[in-house]
Amino acid sequence: MGRIAKLLFFILMLGMFVLFPTHLQAKIKVSTPAKVRVRSNESKKLKVTWNKVKKADGYQIYEYKKSSKKFKKVADVGSKTKSWKSKNTKKVHTYKVRAYKKTGKKKVYSKFSYTVSAKPYKKNAKQVNAGTLWFKEDVLDLSVHQCMTPTLKVGVTSYAKNSRAEIYDSTIRWSSSDETIAKVDKQGAITTQGKEGSCKIYARAHNGNVTWIKVYAEDYATNIKFENVQAMMDDMQNLIHNYQTEVEQIAAFFEKNQANHPKKNQEMTFLLSDNRKEVVGIVEKGDAIYYKDIEDMMLQVLQSFPGDMEIIVIDGVVRFRLNGLGAQYVELNYIFRQLVDYEESSYHFTTADRWIYHYTGLPT
């Protein structure tokens, strides 16, 4: 090998040696510490805990400083440590944690955890930290366009011996594991996003105590296989057999646009005009709602169906009412906002999830 070739080879190897740590560092990813919590300890201290991060070489604890309005590092602990205690204090403190991995003389850091805060207290204190959180519901089965707020209970910490103690910070931090399935706002209202699937909705207290509820989003309005059709009146069988697609899409439209629906106890009725050439919307106890995007489909069904029909929207229900001009009528109801309890019978039964057949000689 010539002298110049040897020199070039040496420069190349030296460059690889120098750049290798940086190249290696770019590939290393450190997971964010999970299940970060903080609680009162020894009545004068706060104890921060977290789950161990795989292959981490250590952890850093940061505390929020009101004077500078910034987080400042207060501790750097080793890989085998999963907790840290503060100095004696009487105040509320806020923390966050991150993990790191060493690469030579440098460190690769994870993202910071969510923030947690707590206050130290004696067992008989009037104000304490949050305890266990739990949902009243086991799961939520929602339609793909539905909003519901589950019932969340938050207890006081088990270390409190004062039966009248209150949680000093009752704010709940809400989050979704998949916002394409369902989002949740600051008040805990869960809104599905028009897509079938499942996700978890998390509720976290100020000190990191957390619980979750599983949400299943399903398209109940369309692609339905109706059951017990032979038990229905002939005109309803005709509607389901020959106009099912239109019925489903009309129901799905009002479910998707429920923000524009009548308010509680308001009723909107759609029927043909006297000359049967347009849809007339009649509102009881309220202003007109938006329905133009579905008007052509409603007109097609109302014009072509061989009989009198009304489409009624009220309190989260779309009613397809046949023979509705007299005291006796038959309905196919799609319930999207809230489920109601009723007694099944030959005149009133579930024909698909959230679809109810109803025949009566008296108004409901």
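Between which two strands does the loop that holds Asp169 lie? The first legend answers this; all views come from a predicted model.

**View 1. Asp169 sits in a loop between two strands.** The loop runs between strand E14 (166–167) and strand E15 (173–176). Asp169 counts as buried, with a relative accessibility of 17%. The cut-off for buried is under 20%, so Asp169 falls within that class at 17%. Its side chain makes a polar contact with the side chain of Arg173, at 3.2 Å.

**View 2. Glu331 and Arg319 form a salt bridge between two strands.** Their side chains meet at 3.3 Å, N to O. Glu331 lies in strand E24 (residues 329–335), and Arg319 lies in strand E23 (residues 317–322). The pair therefore ties together parts that are 12 residues apart in sequence. Glu331 has 0% relative accessibility, so Glu331 counts as buried.

**View 3. Arg321 and Glu331 meet in a salt bridge.** The N to O distance between these side chains is 2.5 Å. Arg321 belongs to strand E23 and Glu331 to strand E24. The two residues are 10 residues apart, and their pair links distant parts of the chain. Both Arg321 and Glu331 are buried.

View 4. Glu331 pairs with Arg319 at 3.3 Å and with Arg321 at 2.5 Å. The structure holds eight salt bridges, including these two.

**View 5. Glu295 and Lys292 form a salt bridge.** Their side chains meet at 3.8 Å, N to O. The cut-off for a salt bridge is within 4 Å, so the pair counts at 3.8 Å. Lys292 is partly exposed, at a relative accessible area of 48%. Exposed would need over 50%.

**View 6. The largest pocket has a volume of about 340 Å³.** Its lining has 22 residues. Closest to the pocket centre are Arg39, Ser40, Tyr121, Thr157 and Tyr159. Which strand gives the largest share of the lining? Strand E1 does, with five residues.

View 7. By class, the lining has 11 polar residues, six charged and five nonpolar.

Key: Residues are numbered from 1 along each chain as its sequence is written. This is a predicted model: local features need pLDDT of at least 70, side-chain atom pairs count only at pLDDT 80 or more; totals for chains, interfaces and linings use all residues. Side-chain values use heavy atoms; hydrogens and water are left out. Buried means under 20% relative accessible area, exposed over 50%, partly exposed in between (1.4 Å probe, protein chains only). Helices (H or I, at least four residues) and strands (E, at least two) are DSSP runs, numbered from the N terminus. A polar contact is a pair of N or O atoms within 3.5 Å; within protein, one must be able to donate a hydrogen and the other to accept it, and residues adjacent in sequence count only if both atoms are side-chain atoms. On a 1 Å grid over the protein atoms alone, a cavity is a set of points where a 1.4 Å probe fits but cannot get out, and a pocket is an open set with protein on both sides within 12 Å along at least five of seven lines; lining residues have an atom within 4 Å of a point. Grid points are joined across faces, edges and corners, and a volume is the space filled by probe spheres set on the points. Ala, Val, Leu, Ile, Met, Phe, Trp, Tyr, Cys and Pro count as nonpolar, Asp, Glu, Lys and Arg as charged, and the others, Gly among them, as polar.
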